[in-house]
Each structure stands twice: as structure tokens, then as C-alpha cells.
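Work through the exercises below with the model in view. Try each task before reading its solution.

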Amino acid sequence: MNGAFTALLEGTVRTATPLLFAALGETVVERSGVINIGLEGSIIAGALAGLIAAGHGGVWLGFLGAMVAGASIALLFAVFAVILRADQIITGTAITLLALGATGTIYRIAYGSTGAALTTPTMAPTRIPGLASLPLLGPALFIQPSITYLAYLLIPAIWWWMYRTQAGLALRAIGEHPEAAIAAGISPKHFQTAAVLFGGLLGGISGGILVLAQAGTFAEGMSAGRGFIAIAIVVLGRWTPLGTALAALIFGGASALQFFFQAMGWTIPYQLFLVLPYVLTLLALASTQGRTLAPAALARRQLHPIP
């Protein structure tokens, strides 16, 4: 029983890691008053770029390529939604569809019908001496790919930046009352653009994890709605880094339940667990309706020029 529970925890952390990266980035984005529906595009672009770059220079170059690709998609979103003040929802949806179609086409051109299976370097788990020996939690938390430990560090780092620095205060002020921020000499456009780029960068890492730390290959549409799930995680986490991390673990646990039940020998159709994260997304959004206070200026379309 302990072995099955440890496997459940390990699967929860593994499944939650790409969601956590994407959701942490989106937390910063939404705190600036922007909602990036195009996050799904950054994830799938990061997955493909990670595959291509890793094939030329190893896993870490793969993650670098994933970051660049994710940030590039986010830059496209920022140009239209932040600089040109286009509708954020429509812009994000269009960019997601563009990224999904473009990555599929590029993948088929680059790898043909044989694909890239068994040719992609992947990141093996790294054991943290001492901590990995802790009962139950040790193997789940401290025998993970190195990129997972970066996620552990990002949670307090983003919290500190958001709540203990002048830049973080300015970002939150823009998300609540951009007119007051302008009056204080803060440029919402600059902060929002930087936030969107940061969110895209973490979204790219999220996609890179899918390929370089989990699947070991690329499949068209393999982001599988994780960008939208990450947005739901931000809502469930009440737009805070710690809350977002806990919500990501909840969603990761929902996906990892299939491995737990398999280890217990229960014969339950796996399709039920494939839809569970999406059902949980709907329930999370419904349960928080009216109970959480989003940034006041979130997704507000500014009809007047702002600095």
C-alpha cells in the first residue's frame, strides 16, 4: 500500500510540473491585468522547439529552445493584445490555433512519417541525497528531473518578487487600477509586455518538459489543453504563487490517479482518468465563481492609449 501511495505522489508531482510552470507564469501575467489565452500556443511551440533543439545539442539546449519558442509566441500575443490593445480573448484564441497548426506542419516537414520517437535525449531523474530517503514524500519530491527542482525554487522566488519588491508592487497596481499606476509614473504597457513574455517563457519550459522529461517525443496537439488548465489553476490558486502551486498538485493528482489504481490492481477504464482534469477544471471555475477577487483590471480592454 505504501508503495502504491508513493507512486501516486510521484506521479502527482511529475504530472503537475508542466502545469506548475505554465500556471506560475500565467499568475504573473494575470496580476498585470492581462489574460493570455494563447498560453496553450506557447506550450505546444515549446514542446516542438525543445524536440528540435535537443536533437542538435542535448537536453539543456532543448529547454533553451523551448523557452525561446514560448516567449516568441507570447511576444506575438503581446504585440496585438498589449501594444495594439486588441481583444485579449480573441487574440489568444487565434494565436493558439495558429501555434497548433504550425507546429503540426513543421513536425511533419522535419520528421516525416517516421516521427522522432527513440531519437530524443531526455532528462533522467536526479536523486537528492538524504532528502530522497525520507519516507513516502522523499521519493516523490526528491527523485525527479532537475527541471522539477527549478519549479520548487520559482514558487518562493515569484512570491518574493511579487510582494516584496517595488516592481512587483507596480505590477499588481497595474492589474488593479492602471489609471492610478499611470498617474504614479508607471508604464502599464512595459510591465504587461514583460509579464506576458515571462509567462510565455515559462509556458515554453512547460512544453519542453512534456517532451524532454516525460514523453521523449513529440505528438501533434500533445499540449492537450494544458494552457487552459493552467489558467483554471491560477483562478483556483487565487492569483498567488503558493495557491497556484497547491492547485497544480490537485490537478496533477487527478491525472495521476490512473497510475495509482493500476498499481492497486483495479480495472477501471483509463479513459475516465483522461477526462478527469478537464472535469475538474470546469468544477474549479464553477466553484470559485463569485468567491474570489480577480485583479480588477483583468482582461480589460483599454480604449485609450496608455504609456
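**Exercise 1.** Does R14 count as buried, partly exposed or exposed?

*Solution.* This is a predicted model, where local features need pLDDT of at least 70, side-chain atom pairs count only at pLDDT 80 or more, and totals for chains, interfaces and linings use all residues. Residues are numbered from 1 along each chain as its sequence is written, and side-chain values use heavy atoms, with hydrogens and water left out.
- Step 1: recall the classes. Buried means under 20% relative accessible area, exposed means over 50%, and partly exposed lies in between (1.4 Å probe, protein chains only).
- Step 2: apply them. R14 has 26% relative accessibility, so R14 counts as partly exposed.

**Exercise 2.** Find the salt bridge of R14, and state how its partner is placed along the helix.

*Solution.* 
- Step 1: know the rule. A salt bridge is a side-chain nitrogen of Lys or Arg within 4 Å of a carboxyl oxygen of Asp or Glu.
- Step 2: find the partner. R14 pairs with E10, and their closest N and O atoms are 2.4 Å apart.
- Step 3: Helices (H or I, at least four residues) and strands (E, at least two) are DSSP runs, numbered from the N terminus.
- Step 4: E10 is partly exposed, at 23% relative accessibility.

**Exercise 3.** The structure holds two salt bridges. Describe the one formed by R108.

*Solution.* 
- Step 1: R108 bridges to E220, with the closest N and O atoms 2.6 Å apart.
- Step 2: this pair links distant parts of the chain, 112 residues apart. R108 is in helix α4, while E220 is in the loop between α9 (188–215) and α10.
- Step 3: R108 is partly exposed at 45% relative accessibility. E220 is partly exposed, also with a value of 45%.

**Exercise 4.** Examine helix α4: its length, its buried residues and its two ends.

*Solution.* 
- Step 1: compute the span. The expected span is 1.5 Å times one less than the number of residues. With 24 residues (88–111), α4 should span 34 Å, and its end C-alpha atoms are 34 Å apart, which agrees.
- Step 2: list the buried residues. They are Q88, T91, G92, I95, T96, A99, T103, G104 and Y107.
- Step 3: find the cover. It includes α2 (39–57), α3 and α10 (226–236).
- Step 4: look at the start. A side-chain oxygen of D87 comes within 3.0 Å of the backbone nitrogen of I89.

**Exercise 5.** Which residues form the nonpolar surface patch?

*Solution.* 
- Step 1: name the members. They are L75, L76, V79, F80, I83, L84 and L98, with about 570 Å² of accessible area together. Patch residues have over 30% relative accessible area and no salt bridge; like charges are joined within 9 Å, and nonpolar side chains (Val, Leu, Ile, Met, Phe, Trp, Tyr) within 5 Å. Areas come from the Shrake-Rupley method with a 1.4 Å probe; for residues, only the protein chains shown count as cover.
- Step 2: find the main source. Helix α3 (residues 59–83) gives the largest share, five residues.
- Step 3: check one member. L76 lies in α3 and is partly exposed, with a relative accessible area of 31%.

**Exercise 6.** How many helices and strands does the protein chain have?

*Solution.* Count 12 helices and two strands. Of the chain's 307 residues, 51% count as buried.

Conventions. Contact means heavy atoms within 4.5 Å. A polar contact is a pair of N or O atoms within 3.5 Å; within protein, one must be able to donate a hydrogen and the other to accept it, and residues adjacent in sequence count only if both atoms are side-chain atoms.
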